[in-house]
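Welcome, and thanks for taking a look at this one with us. Here is a short briefing to read with the model open beside you.

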Amino acid sequence: MSNTIICFGRKLEHFSSNSRSKLSCFNQSYRGLISTRFRFLVFRVNPFWVQLAYFIVVSLVGFGALKMSKPKSGSVSPNNIDVFFTSVSATTVSSMSTVEMEVFSNTQLIIITILMLVGGEVFTSMLGLLLGRFRFEKRPSFDGDIVNSISNRGLQSDCSLTSKNISQEVELGRITCSALANEKPITDLESNKNLTSDSKSLKYKATRYLGYLVLGYLLVVHAVGSSLVSMYVSLVPSARKILKTKVIDIRTFSFFTVVSTLANCGFVPTNENMIVFKKNSGLLLLLIPQILIGNTLYPACLRALIWVLDKMTKKVEFSYILKNWKEMGYSHLLSGLHSSFLAATVFGLTLVQFILFCSMEWNSETMDGFSSYQKVVGSLFQVVNSRYAGESVVDLSTISSAILVLFVVMM
């Protein structure tokens with residue numbers, strides 16, 4: 001009996017060992033397949049198709065999530081094409097809608113918020129930066145392994161390795177047999193390789209720092225912005241009454257509005273957009289900076305942030321980013337002079353537009369019921385939005401034709 005139990009135990013141990021071995025082999029093969037597919041996506045597929053696939057997939061996922069969640073109690077459920085249109089509009093931050101925003105429930109508003117967040121320019125540029133870091137990480141290691149394999153073969157002086165053979169393994173066509181046969185060129189090659197390796201290592205670290213910096217930029221701006229908006233709405237009775245009447249949660253409204261404003265989408269959870277808050281000048285002043293730093297002022301703010309971190313931390317990575325901004329491959333990273341000109345252009349055009357808008361609409365029907373302070377803040381909010389987010393505190397149908405033409409030119 002004991003022999004039988006021992007034999008059974010050995011067989012069970014052997015079976016368990018084989019199962020673990022097969023499972024480990026399967027996991028390695030599965031990970032290898034995923035890695036191969038991902039590397040093909042990074043190296044071979046045109047970025048246009050990657051972005052198109054990204055927006056299509058996100059739009060379809062958003063459509064499914066919106067359909068599975070129920071609309072606000074007492075509201076008629078929108079049809080499929082309207083829901084899909086809203087999902088695509090939120091993902092592409094175009095703010096076009098065929099459905100009144102107050103139809104959506106709190107859950108659906110959160111889903112739309114997520115779609116605007118992952119479709120925003122800053123977020124998608126961060127994904128491109130992370131994808132570019134992966135591409136940069138893989139290629140140097142691949143080339144370095146090939147160079148090492150050639151060096152380990154001894155680089156025989158009998159010229160058995162011709163330039164044609166070497167070019168098949170690594171793109172180093174400038175290296176000839178005579179160069180490989182001598183000790184000094186090999187030393188030079190190794191020295192150059194070390195310098196190149198150090199440079200690539202620094203660039204990789206700088207790219208990683210830049211990715212973390214953009215992520216931190218998004219998190220901090222959203223957290224601070226939504227906290228300030230939520231605090232304002234909670235403390236100001238008129239704003240709080242509007243949301244209570246429309247049965248909109250304050251926290252959902254705050255985060256939704258900040259994400260939409262920073263992404264320059266223009267969606268607001270109310271049917272009237274920001275017109276219902278036209279006399280809440282404090283709320284408008286909180287949103288104006290977020291409109292700008294999420295669009296054309298983003299490159300200037302990013303460079304200013306990197307400069308501050310460079311001065312505070314003295315890290316070589318931040319200094320490298322500032323000096324080699326073009327080599328970083330991030331389109332929103334500009335030179336100091338270019339960033340200054342960009343900021344000056346933004347403020348200059350906004351000032352011109354503000355002066356023209358106030359001079360023509362100050363005593364018009366559009367501004368009826370506004371105090372002088374509310375007119376100034378409302379005008380500034382409107383002219384900033386005409387170039388960016390598209391939120392509105394006035395009825396555009398009541399604005400003069402000349403101002404509408406001005407808005408078209410600025411857009």
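Among contacts in the protein chain between residues at least 6 apart in sequence, what percentage join residues at least 24 apart? The answer is 72%. Please keep in mind that this is a predicted model, with a chain average pLDDT of 81. The fold is built from 16 helices and has zero strands.

**The chain as a whole**

- Of the 411 residues in the protein chain, 39% are buried.
- The chain exposes about 23,100 Å², and carbon and sulfur atoms supply 63% of that area.

**Confidence**

- A pLDDT of at least 70 is reached by 73% of the residues.
- Residues 138–184 are the stretch to handle with care: pLDDT stays under 50 there.
- For that stretch, the model has 35 contacts beyond four places in sequence.

- Phe48, Trp49, Leu52, Ile56, Leu60, Ile81 and Phe84 together make a nonpolar surface patch of about 700 Å².
- Two elements give two or more residues each to this patch, namely α2 (47–68) and α3 (80–91).
- Helix α2 gives the most, with five residues.
- Leu52, one of the patch residues, sits in helix α2.
- Leu52 counts as partly exposed because its relative accessibility is 35%, which falls between the 20% limit for buried and the 50% limit for exposed.

- Helix α4 (residues 106–119) has 14 residues. From its first C-alpha to its last it reaches 20 Å, close to the 20 Å expected at 1.5 Å a residue.
- Buried residues in α4 include Leu109, Ile111, Ile112, Leu115, Met116 and Val118. Gln108, Thr113 and Gly119 are also buried in this helix.
- Helix α11 (residues 281–293) has 13 residues, which should span 18 Å at 1.5 Å a residue. The C-alpha atoms at its ends are 19 Å apart, in agreement with that figure.
- In α11, the buried residues include Leu283, Leu284, Leu287, Ile288, Ile291, Leu292 and Ile293. Ser281 and Gln290 are buried in α11 too.

- Met126 lies in helix α5 (residues 121–152).
- With a relative accessibility of 6%, Met126 counts as buried.
- Which residues does Met126 touch, not counting residues up to four places away in sequence? They are Gly211, Val214, Leu215, Leu218 and Tyr330.
- The C-alpha atoms of Met126 and Tyr212 are separated by 8.9 Å, although these two residues are 86 residues apart along the chain.

**Salt bridges**

- How many salt bridges does the count come to? It comes to three.
- The side chains of Glu102 and Lys246 meet in a salt bridge at 2.7 Å, N to O.
- That pair links distant parts of the chain, 144 residues apart: Glu102 is in the loop between α3 and α4, while Lys246 is in the loop between α9 (237–245) and α10 (250–262).
- Both partners count as buried, Glu102 at 17% relative accessibility and Lys246 at 15%.
- Lys246 also meets Glu272 in a salt bridge, at 3.1 Å, N to O.
- Since Lys246 lies in the loop between α9 and α10 and Glu272 in the loop between α10 and α11, this pair ties together parts that are 26 residues apart in sequence.
- Glu272 counts as partly exposed, at 33% relative accessibility.
- Asp249 and Arg251 form a salt bridge in which the closest N and O atoms are 3.6 Å apart.
- Asp249 is partly exposed, with a relative accessible area of 30%, whereas Arg251 counts as exposed at 64% relative accessibility.
- Salt bridges that share partners join Glu102, Lys246 and Glu272 into one network.

Key:
Residues are numbered from 1 along each chain as its sequence is written. This is a predicted model: local features need pLDDT of at least 70, side-chain atom pairs count only at pLDDT 80 or more; totals for chains, interfaces and linings use all residues. Side-chain values use heavy atoms; hydrogens and water are left out. Patches are made of residues with over 30% relative accessible area and no salt bridge: like charges are joined within 9 Å, nonpolar side chains (Val, Leu, Ile, Met, Phe, Trp, Tyr) within 5 Å. Accessible areas come from the Shrake-Rupley method with a 1.4 Å probe; for residues, only the protein chains shown count as cover. A salt bridge is a side-chain nitrogen of Lys or Arg within 4 Å of a carboxyl oxygen of Asp or Glu. Helices (H or I, at least four residues) and strands (E, at least two) are DSSP runs, numbered from the N terminus. Buried means under 20% relative accessible area, exposed over 50%, partly exposed in between (1.4 Å probe, protein chains only). The expected span of a helix is 1.5 Å times one less than its number of residues. Contact means heavy atoms within 4.5 Å. pLDDT is the predictor's confidence in each residue, from 0 to 100.
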